Amino acid sequence: MDKLFLIIKREYLTRVTRPSFIIATLVTPLAFVAFFVVASLIFSYESDDAKKIAVIDDSGILNGALKDEKGLYFKFEQKPLAQLRKNFKDSGYDAILVLPKIDNLFSKDYQVFYYTSGQSTLETEDHIEDRVSDALRDYKIDALKLERKQLEALNTSVNIEPEPIEEGGKDATKLTSAIGAGIGFIMGFIMYMAVFIYGSMVMRSVMEEKTNRIVEVMVSSVKPFQMMMGKIIGVGAVGLTQVLIWAILIPLLITIAQVTMGFDPQQQMPMGPGAPAINPDDTQAMVMAIMSEVGNIRWSLILPLFIVYFLGGYFLYSSMFAAVGSAVGDDMGEAQTLTIPIVIPVVLAIYIMIKAVETPTSSLAVFASIFPLFSPIVMPSLLASNPPAWQIIVSVLVLIGTSVFFVWLSGRIYRVGILLYGKKGTFKEFAKWIFYTD
Amino acid sequence: MDLILDLQNVVKTYEKKIAVNDVSFGVPRASIFGLLGPNGAGKTSLIRIITTITRADSGKVFLDGQALNSRHPEQIGYMPEERGLYKKMKVGEQLTYLARLKGLSASDTKLALKYWMEKFEVMDWWGKKIEELSKGMQQKIQFISTVLHNPKLIILDEPFTGLDPINTNLLKDEIADLRAKGVSIIFSTHRMEQVEEICDNIVLIDQGQNILNGPVKTIRNSFKQNRFKVDFAEEWKGTLPPGFEVVDQQPDSLVVGLAEGGNSSALLQYLLGQGVQISAFNEIMPSLNEIFIQAVEKNHPQVKA
């Protein structure tokens, strides 16, 4: 055990003190936050040059009721269009908007004409269309003598509120499942990343040791299995450290960005065209509701289980990566070929996870939550939507059993692989190696 | 005899290939023991069995009188032919790590490191990464890592490759020193002149079998062909009486084979009687190289072709 600890310590410390690790750990959250800041700045960017627009409204539809907004200044002109066009250059206007007469109040289409010398931008056109459409709505309400309150009552937003069948069952709101899905998604992705990044880190490191020939010195002091476990645990600890630092740094940096730049991701994220502006009070209420739902989730159950799945999945996959690394030496191409069968279940699992989050009780979701190659990625994503206890227990037991078995199996391959040079590792060879005696 | 290592009927098979076929030999304590054999003879397999990296299928191995067990690696120092160190690790950290893995306590490691690094005058390299060192320097570090934990038995696989003559001598002296302190050394090499120079006993392995084993002197004696070389101070073109076979005759030298039971003094007396001036008279001892080739060819007829 002492020796295992020594190996873990070395594997951990050499990686954590490496400049490339420190840079990656610190720069990734910075880059992540910078990306979001830049992205939201780009989306919130509006042309800063003001435009003066002459409006010709001969029939008096809008009655001077066009709001100046977003760098657009409207001025109602009595002069005829021909004259305005002729003196356009000296008039100080950037464009002329002509609103024709409305013949039929029930027509849903209305065409306005926009004269401009320069290029008209999509954004400007959108804004003008919105402004005119709003003004026209008011005009039509008045012209048709409609009651404003009645009109507003027509817009009903419908929300499904899930309720349990049994009396006293757990009452889940719709928000609960949405948040459960969101958290599940994040957990599934963390698992996916962990398997790939740290699994292949284990593999590269095994390959390096074999190429370096340090293994011969090492195995004359410690058992190959200790070497493999030391590496897997050491790299796993590196992974946890990195994920933990990111989990602290990313929210911290986002907060700093919000404070220093007055940037608010909730309001400035792109909403898509035509999305209704959210009332700040609604946002506030929404955040409160989300916070309370997040608080409602059984974290005391989910977090330990997440760690169980993290460890189970990590051991399962990284031991396979270690076995492949032991068999190939320095041939990265061959390593990639041999890792394909490892990568396929991981990629499949992420697709299943995306589907399973939407339908947590489907037979696909239940199967994938128990099948040990998928469960480390799929099951954490389902935990927030309260799967039955038997499903969790079976899934955890199967995963632990399989992980132990795979670590043992990989250890068998590893102990032969690291000492074998010049022989190609194939799956047929692996099968033979497993049954070799020491 | 006091044996540090005793192998009895050791067999190791990989799939269909028999790597070690019923090998027995003993390594006397505080001696330098040559483990010899052509490529692929099974030397590495044997070393791996002794270092407990692999286990023999059958047969027994005793280290210092005890059947080989998992605590024994701490008493063995092994320097593989293919040197290996963590390239990015600093010399001091690396040596500390390897010594600690051999079961040395942290405080003992410190002391041993100070002793050996000062002895090899490499204290300045403490903070250097292995990859910054020359090959010869790396070799020194590798040797230190082999002996740092004060092993009873040291196994050196081609320890002199890549070393300049000065460092070769330094290492030879070190090996002699270790022997004087009671450490036993197994020395595996193809360089027969080195074996002749430093080994007390050898075993010759071919095709997984022990084909020759014993003290170097005894082996050389058993292979000698009763030939003598005479160097003359002047030219001599005479002939020899019957009973002496001339193997090679040059104007200033003569190689003579003695018949069974022949007497070298009789040859010398005859030549002196001829009145020729003799500058040297030597028995031709077969080199280990010749013995090696002879023994392997005998065991392995197809090699001749």
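**Notes on the two-chain model**

1. Chain B holds 9 helices and 14 strands; helices here are DSSP runs of H or I with at least four residues, strands are E runs of at least two, and both are numbered from the N terminus. Keep in mind that this is a predicted model, in which local features need pLDDT of at least 70 and side-chain atom pairs count only at pLDDT 80 or more, while totals for chains, interfaces and linings use all residues. Residues are numbered from 1 along each chain as its sequence is written, chains are lettered from A and ligands numbered from 1 in the order in which they are written.

2. Some overall figures for chain B. The C-alpha trace spans about 75 × 45 × 40 Å along its principal axes. Of its 305 residues, 34% count as buried; a residue is buried if 20 or more other C-beta atoms lie within 10 Å of its own, exposed if 12 or fewer, and partly exposed in between, with C-beta atoms placed from the backbone. Taking contacts in chain B between residues at least 6 apart in sequence, 69% join residues at least 24 apart. A contact means that the C-beta atoms of two residues, placed from the backbone, lie within 7 Å.

3. On to domains, whose bounds come from an automatic or database domain assignment. Chain B is divided into domain 1 (3–221) and domain 2 (225–283), and the centres of these two domains of chain B, taken over C-alpha atoms, are 44 Å apart. For chain A the assignment gives domain 1 (51–153) and domain 2 (173–262 + 280–434). The C-alpha centres of domain 1 and domain 2 of chain A are separated by 58 Å.

4. Have a look at strand 8 (residues 184–188) of chain B: 5 of its 5 residues are buried, so the strand is largely enclosed by the rest of the structure. Ser184(B), Ile186(B) and Ser188(B) point one way, Ile185(B) and Phe187(B) the other, and all are buried. Strand 8 of chain B pairs in the parallel sense with strand 3 (residues 32–36) of chain B over 4 bridges, and with strand 7 (residues 153–157) of chain B, also parallel, over 5 bridges. Pairing requires that DSSP finds at least two bridges between the strands.

5. Val11(B) faces Ser58(B) of strand 4 of chain B.

6. Another open sheet of 4 strands in chain B, with antiparallel pairing, has the order 12-13-11-14. Strand 12 (244–250) and strand 14 (278–283) of chain B are the edge strands, each pairing on one side only. From one strand to the next the twist averages 20°. Strand 12 of chain B pairs with strand 13 (residues 253–258) of chain B in the antiparallel sense over 6 bridges, and Glu245(B) stands opposite Gly257(B) there.

7. Now the helix pair in chain A. The axes of helix 12 (residues 299–328) and helix 13 (residues 332–358) of chain A come within 9 Å and cross at roughly 165°. That makes the two helices of chain A roughly antiparallel. Axes are lines fitted to C-alpha atoms, for helices over the stretch in contact, and angles run from 0 to 180 degrees between N-to-C directions; under 35 degrees counts as roughly parallel, over 145 as roughly antiparallel, 65 to 115 as roughly perpendicular and the rest as oblique. Residues making the contact include Tyr317(A), Phe321(A) and Val324(A) of helix 12 of chain A, and Leu338(A), Ile342(A) and Val346(A) of helix 13 of chain A.

8. Gln336(A) is in helix 13 of chain A. With 13 C-beta neighbours inside 10 Å, Gln336(A) counts as partly exposed.

9. Helix 15 (residues 375–383) of chain A has 9 of its 9 residues buried, so helix 15 is largely enclosed by the rest of the structure. Among them are Ile377(A), Met379(A) and Leu382(A).

10. Finally, the chains touch: the contact takes 20 residues from chain B and 17 residues from chain A. On the chain B side, strand 6 (76–79) and helix 2 (91–101) each supply at least two residues. Helix 2 of chain B gives the most to that side, with 4 residues.
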